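Me: Hey, I've got a structure open that I've never looked at before. Can you walk me through it?

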Amino acid sequence: MPSSKAYGSSSITFETSFVMNFPLSGTFLTCVTGIIFFAITAAGCQSSAPVQERLSPIYSEYEFDEDLAIQRMSRSIQFPTVAVEDTTRIDYQPYDDFIDFIIESYPNINEKMTLEIIGGHSMLYTWEGSNPDLNAGMFIGHYDVVPVEESTLDVWTYEPYSGEVADGFIWGRGALDDKGGVMSVMEAAEYLIETGFQPERTFYIALNHDEEIGGLLGARRIADHLEAQGVQLEFLMDEGSPIAENIIDGIELPLAMIGVAKKGAVNLELRYSDDGGHSSMPPSLSVIGTLSRAVTRIEDNPMPSSYRGLITQTFEPLIPYLSYRERLAFNNPWLFRRVIERQLSRNPATNAALRTTAGITMFEVGVKENVLPVEGRAVINFRIHPQDSVNDVINYVEETIDNPDITINVMPRAREPSRVSSTEAPSFKVLHDTIEDLFPDALIVPSLFIAGSDSRHFHALTDNIYRFRPIRATHDDRSRVHGIDERIRVYNYLEMVQFQIDLIRNGGVDF
Ligand SMILES: [Zn+2]
């Protein structure tokens, strides 16, 4: 049953002079940029304040073997399970070895759960619950990693697939994305089975193998497989936003960001051709001029935005930390909405949180200095806000460029934005309370997740998809994801295991 929540926002006396005194301060913009950290944007929010009752007991006392957990995490990194777009170039031996390693490492899981290998190398575990009337819960993560660029090898502090445990960190490709996620769930389940825990709710645990290249073999097939059995999920927990630390001037509390929605994407190709000819007798408008005008119109007329819905909730827990004037505006969006929107639009990061964005990524035209090109093309990469759809984008482009002679082609792999998962669902509350219990000082901020992840394949199975990893991340960590010196703090990895234990326990009961 959904719990009722009161998201109170304190009202502040209105001052007309405020409008003149806006814009937002540098502090605020830094703050907002911080929220977008890790390619996440603000879109929805749950303040840490008004949690009135717990739906389930919280457990935080357990004694799993920390040394063994660290050692296994380190070993998981030592399998170079590298994914590249051209799958014929993938060496699947490390994938096979990783699967063997998982089976050997977690004997309780492999005795208690059933394992299916799907799409060649994705592992789907089913942990039968005691109450078949409950919808299942699901945890997903991926063990494939992006390649390490050859040219950066000597810059790494430790060899990228060494899994070195040093200086308080576990080092290597996948430490943040997403072997920590995969291994912490497995550690938690192994420990819970050992202690005799039996969930009421059935759990699925999926260790996917091709997230970095779209998830079509792993997550997609697992979702189809479950759908064919009529499975409905109460919730799905995926990788996602971190606990961001020290990224906002003026806000010392960490931000635990839960991705409750994800942007879509579509690439549109604009093509235009005419007769070309010699540059000594140019027409009044060339191919280049025509295409340039179209592209300029798109840049000059961004898709509409609105400071409503999820994004307003995201800002809510941050409002108390803003200046008086900023507080006044954000507490009274009915009056200051336009001003807020204008300000947020000026910063690329907050702009991305507010609306569908258009990135002009390709412009191909012209072959010779004195030849007018007969044909040209431009490609625009749209990241679609949940308030829009692929069709909305196409209609907007048609209307905005207003030139029927320009052909608009929808390029392959268009993705609709996700639905926005409820922050009122009981499973959200379970996640919220679990975070709050283990990270009591964190502000819990549901957000719009911009990066891709496997959860997009599961929308037919549940409305409640939450993208979150309790990875403590500073600004410095941002470049380590898919970058150089990827690493996770040892104590933070242990926190992740604790978190997963709590989450499985809290999520495994009837609520
Ligand atoms: Zn990932």
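This is a predicted model: local features need pLDDT of at least 70, side-chain atom pairs count only at pLDDT 80 or more; totals for chains, interfaces and linings use all residues.

Me: What share of the contacts joins residues at least 24 apart?
Reply: That would be 84%, counting contacts between residues at least 6 apart in sequence.

Me: Let's go inside. How many residues are in the largest nonpolar core?
Reply: It has 103 residues. Those with the most contacts inside this core are M138, I170, A189, Y204, I205, A256 and Y466.

Me: Which helix gives the largest share of that core?
Reply: Helix α6, residues 179-194, with nine residues.

Me: Pick M138 for me. What does M138 touch?
Reply: Leaving out residues up to four places away in sequence, M138 touches F203, Y204, A206, L233 and L236.

Me: Switching to helices. Which residues of α7 are buried?
Reply: In α7, which covers residues 219-228, the buried ones are A219, R220, I222, A223 and L226.

Me: Why do those line one face of the helix?
Reply: Looking down the axis of α7, its buried residues fall within an arc of 165 degrees, so they line one face. As background, an α-helix has 3.6 residues a turn, so residues three or four places apart point the same way.

Me: Got it. Which strands do the buried residues of α7 pack against?
Reply: They pack against β2 (114-118), β3 (122-127), β4 (136-142) and β7 (203-208).

Me: What follows α7?
Reply: G230 does, and its phi is positive, near 75 degrees.

Me: Now helix pairs. How do α8 and α13 cross?
Reply: Their axes come within 9 Å and cross at roughly 120 degrees, with α8 spanning residues 287-300 and α13 spanning residues 390-401. The crossing is right-handed.

Me: Which residues make the contact?
Reply: On the α8 side, A294, R297 and I298; on the α13 side, V397, T400 and I401. By class, that gives four nonpolar, one polar and one charged residues.

Me: And at what angle do α14 and α15 pack?
Reply: About 140 degrees, with the axes of α14 (residues 426-438) and α15 (residues 490-507) 10 Å apart. The crossing of α14 and α15 is right-handed.

Me: Who meets whom there?
Reply: From α14 you have S427, V430, L431, D433, T434, D437 and L438. Facing them in α15 are E495, Q498, F499, D502, L503, N506 and G507. The contact of α14 with α15 has five nonpolar, five polar and four charged residues.

Me: Loops next. Where does G168 lie?
Reply: In the loop between β5 (165-166) and β6 (169-171).

Me: What's phi like for R413?
Reply: Near 70 degrees, which is a positive value in a residue other than glycine. R413 lies in the loop between β15 (407-410) and α14, and R413 is exposed, with 9 other C-beta atoms within 10 Å.

Me: Last one, D485. What is its phi, and where is it found?
Reply: Phi of D485 is near 60 degrees, again a positive value in a residue other than glycine. D485 is found in the loop between β17 (465-473) and β18 (487-489). With 19 C-beta neighbours inside 10 Å, D485 counts as partly exposed.

How values were computed:
Residues are numbered from 1 along each chain as its sequence is written. A residue is buried if 20 or more other C-beta atoms lie within 10 Å of its own, exposed if 12 or fewer, and partly exposed in between; C-beta atoms are placed from the backbone. Helices (H or I, at least four residues) and strands (E, at least two) are DSSP runs, numbered from the N terminus. The arc is that of the directions from the helix axis to the C-beta atoms. Two residues are in contact if their C-beta atoms, placed from the backbone, lie within 7 Å. A nonpolar core is a set of buried Ala, Val, Leu, Ile, Met, Phe, Trp, Tyr and Cys residues joined through C-beta atoms within 7 Å. Axes are lines fitted to C-alpha atoms, for helices over the stretch in contact, and angles run from 0 to 180 degrees between N-to-C directions. A crossing is left-handed if the near helix is turned anticlockwise from the far one by less than a right angle, and right-handed if clockwise. Ala, Val, Leu, Ile, Met, Phe, Trp, Tyr, Cys and Pro count as nonpolar, Asp, Glu, Lys and Arg as charged, and the others, Gly among them, as polar.
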